[in-house]
Amino acid sequence: MSENIYLPRMATIKSMRPETIDVTTFQIALNGTNGESRFDYESGQFAEVSVLGVGEAPISITSSPTPPETLEFSIRRVGQLTNALHELNVGDKIGIRGPFGNSFPLKELEGQNMLIIGGGIGLAPMRSVILNLFDNRKKYGKIDIIYGARSPQDLVFKSEYEEWQNVENTGLYLTVDRGDEEWKGNVGLVPNFLKEINPSPENTTGITCGPPIMIKFVVQALAELGFTSEHVITTMERKMKCGVGKCGRCNIGGKYVCLDGPVFTLKQLEEMPSD
Ligand code: FES
């Protein structure tokens, strides 16, 4: 992290890969004074991404900290800053502060089966976990990935699914809310699909990220399947602004999402006051 946590470091956009009509994956290289092109980070952390004259926003890191050493953000157009980012081109400069927040406790989860459940752009921080698990494949049991989006066109990282499915002892289960003539996969909501797949909770931790309404019903479905709240982990990014515990926008009771999170076990969330 830079010494001044408020000061963005300049970075260059190396590539922009369209994922859907409104989601693009940006590969970034820091213009480090010592020649470094990225900072060290862990899966689950986020950075503040800025466009000069427009503003900045907290964005989760999409790439894995494992080699090759890249820094990627998959960003959906949802407001002024993200619209401005989508208008940029390869070679343009942006600002980056970070990395911030805690991370998924992947070291502690070694030896377990991993159940990844994502919805929409919520697969962005999950992709960092998925690639990290694949790069440490022998340390984990079965990896199941359940992912859904509104339509086939809204599924992100489509170009990587074949590779993911070919990783040993890994299952990828896709669903969409509404199919089209070409869609041959499942049609239905993620929580219902999860119950149909019926994964065993034995020695398994579920990690989920997506729209709040999906998370709510995924958590209920996991409880029905026998997952305890210590073995359900989620990441929260809404409400964050400064990223460093100063603006007070992200507090839940005595916790700050930007400092104590964004990654929480369901047990930790249950112990916080409802807001
Ligand atoms: S984002 Fe400002 S205090 Fe957490």
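**Exercise 1. Which residue in strand 6 is the bridge partner of V49?**

Solution. The model examined here is a predicted one.

Step 1. Locate the sheet: six strands form an open sheet with antiparallel pairing, in the order 4-3-6-1-2-5.

Step 2. Identify the edges. Strand 4 (55–60) and strand 5 (71–76) are the edge strands, each pairing on one side only. From one strand to the next, the twist averages 40 degrees.

Step 3. Examine the pair in question. Strand 3 and strand 6 (residues 93–100) run antiparallel and are joined over four bridges. Within strand 6, I96 is the bridge partner of V49.

Step 4. Helix 1 (residues 80–87) lies across strands including strand 3 and strand 6, and runs at about 70 degrees to strand 3.

**Exercise 2. Determine the strand order of the seven-stranded sheet and state which strands stand at its edges.**

Solution. 

Step 1. The order of this open sheet is 10-9-8-7-11-12-15, and its pairing is mixed.

Step 2. Strand 10 (186–187) and strand 15 (263–265) each have a single partner strand, so one side of each lacks a neighbour in the sheet.

Step 3. For a parallel pair, take strand 8 (residues 143–149) and strand 9 (residues 170–176), which are connected over seven bridges. Here I145 stands opposite L172 of strand 9.

Step 4. Place the helices. Helix 4 packs on the sheet, touching strand 7 (113–119), strand 8, strand 9 and strand 10, and its direction makes about 150 degrees with that of strand 8. Helix 5 also packs on the sheet; it touches strand 7, strand 11 (204–209) and strand 12 (232–235), and its direction makes about 150 degrees with that of strand 7.

**Exercise 3. Describe how helix 4 packs against helix 5.**

Solution. 

Step 1. The axes of helix 4 (residues 190–197) and helix 5 (residues 212–224) come within 8 Å and cross at roughly 20 degrees.

Step 2. Angles under 35 degrees count as roughly parallel; therefore helix 4 is roughly parallel to helix 5. The crossing is right-handed.

Step 3. Helix 4 contributes V190, P191, L194 and K195 to the contact, while helix 5 contributes M214, F217, V218, A221, L222 and E224. By class, eight of these residues are nonpolar, none is polar and two are charged.

Note on methods
Residues numbered from 1 in each chain as written. Predicted model: local features only at pLDDT ≥ 70, side-chain atom pairs only at ≥ 80, totals over all residues. Heavy atoms only, no water. Axes fitted to C-alpha atoms, helices over the stretch in contact; angles between N-to-C directions. Helix = DSSP H or I, 4+ residues; strand = E, 2+ residues; numbered from the N terminus. Parallel < 35°, antiparallel > 145°, perpendicular 65-115°, else oblique. Left-handed = near helix turned anticlockwise from the far one by under 90°. Contact = heavy atoms within 4.5 Å. Nonpolar A, V, L, I, M, F, W, Y, C, P; charged D, E, K, R; others polar. Pairing = 2+ DSSP bridges.
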